[in-house]
Amino acid sequence: MNANRSTVRSTSGTKSSRPRAGRTPVAAARSRRSRAPWVIAGVVVLAVLALFAIYHTNSRTAGTAASDRYAVGSPGVGAMAPDFTLPNATGPAAPGGQPATTRLSDYRGKTVLLYFHEGLGCQPCWNQIRDLQNNPALLSSLGVNQLLTITSGPLDLVGQKMRDDGLTAPALVDTDLRVSTQYQANQYGMMGDSRDGHSFILVGPDGRIQWRGDYGGPPNYTMYVTPDQLATDLRTGRQGT
């Protein structure tokens with residue numbers, strides 16, 4: 001009888017050798033490993049969404065339409081167009097024989113299309129002026145009241161080239177590239193920054209830029225855009241702003 005009690009006490013007083021309920025370190029590690037791919041996938045998805053949001057926001061801010069044909073320089077859409085005064089090679093000479101000048105702010109209240117181009121030596125650039133000048137209905141359909149062409153080079157030679165090609169649009173001459181540099185139009189050509197490329201900038205009646213297309217840069221170095229393509233790009237770009 002005493003022996004049985006002793007056996008019972010010994011059995012009940014001894015701690016169980018079984019592990020407590022719960023996960024072992026090995027099981028916990030396996031659980032963490034099984035969750036790791038899902039955590040990584042979630043981080044990747046969030047990163048992709050964040051990059052897309054940044055790209056979309058920047059594109060809207062810059063006023064760019066998705067296009068592989070042109071870049072958009074600065075100042076861009078929404079910015080005030082820097083005012084300037086330049087000699088006009090096709091304008092009537094001022095009293096005393098001084099060349100005529102044209103000031104951008106004189107067109108406040110109208111919509112002006114600025115065309116910066118490479119100039120002498122770039123026949124496609126002069127063809128561009130010809131085809132725009134001879135298509136006033138197209139410019140009117142775009143709401144453009146005035147086309148202003150801008151290039152570097154000697155005033156007399158630019159004027160002679162305009163006369164030789166039968167061109168009458170205002171030909172503004174930015175010999176020292178002061179205005180071209182303000183508009184960064186000399187960053188998109190084949191001649192480095194020593195000449196303009198092939199840039200169009202639409203300035204609205206309030207003096208703000210409504211659309212911009214810099215076509216002249218690499219890799220294509222475009223020196224001519226068909227009027228219909230230009231109109232399509234301009235309309236699309238306006239809708240994206």
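View 1. At 0% relative accessibility, serine 199 counts as buried, where buried means under 20% relative accessible area, exposed means over 50% and partly exposed lies in between, computed with a 1.4 Å probe on protein chains only. This is a predicted model, in which local features need pLDDT of at least 70 and side-chain atom pairs count only at pLDDT 80 or more, while totals for chains, interfaces and linings use all residues. Residues are numbered from 1 along each chain as its sequence is written, and side-chain values use heavy atoms, with hydrogens and water left out. Serine 199 lies in strand 6, residues 198-203; strands (E, at least two residues) and helices (H or I, at least four) are DSSP runs numbered from the N terminus. The side chain of serine 199 makes a polar contact with that of aspartate 214 at 2.4 Å; such a contact is a pair of N or O atoms within 3.5 Å, and within protein one must be able to donate a hydrogen and the other to accept it, with residues adjacent in sequence counting only if both atoms are side-chain atoms. Leaving aside neighbours within four places in sequence, the residues in contact with serine 199 (heavy atoms within 4.5 Å) include Leu114, Tyr115, Tyr188 and Asp214.

**View 2. Strand 6 and its partner strands.** Six of the six residues of strand 6 are buried: His198, Phe200 and Leu202 point one way, whereas Ser199, Ile201 and Val203 point the other way. Strand 6 pairs with strand 3 in the antiparallel sense over six bridges, where pairing requires that DSSP finds at least two bridges between the two strands, and phenylalanine 116 stands opposite serine 199. Strand 6 also pairs with strand 7, residues 209-214, in the antiparallel sense over five bridges, and in strand 7 the bridge partner of leucine 202 is tryptophan 211. Strands 6 and 7 form a hairpin with five residues between them, and glycine 207 in the turn has a positive phi of about 90°.

**View 3. The largest nonpolar core.** A nonpolar core is a set of buried Ala, Val, Leu, Ile, Met, Phe, Trp, Tyr and Cys residues joined through side-chain atoms within 4.5 Å. The largest has 29 residues, and among those that touch the most other members are Leu113, Ile129, Phe200 and Trp211. Several elements each supply at least two residues of this core, including strand 3 (112-117), helix 3 (123-133) and strand 6, and helix 3 gives the most, with four residues.

**View 4. The disulfide between cysteine 122 and cysteine 125.** A search of the whole structure finds one disulfide, a term that stands for a pair of cysteine sulfur atoms within 2.5 Å. The disulfide joins cysteine 122 to cysteine 125, with an S to S distance of 2.2 Å. The torsion about this S-S bond is about 75°, so the disulfide is right-handed. Cysteine 122 counts as buried at 4% relative accessibility, and cysteine 125 is buried with a relative accessible area of 0%.

**View 5. The two sides of helix 5.** In helix 5, Val158, Gly159, Lys161 and Met162 are buried. These four cover an arc of only 160° around the axis, which puts them on the same side of helix 5; the arc is that of the directions from the helix axis to the C-beta atoms. On the other side of helix 5, Asp156, Arg163 and Asp164 are exposed. The buried residues of helix 5 pack against helix 3, strand 4 and strand 5.
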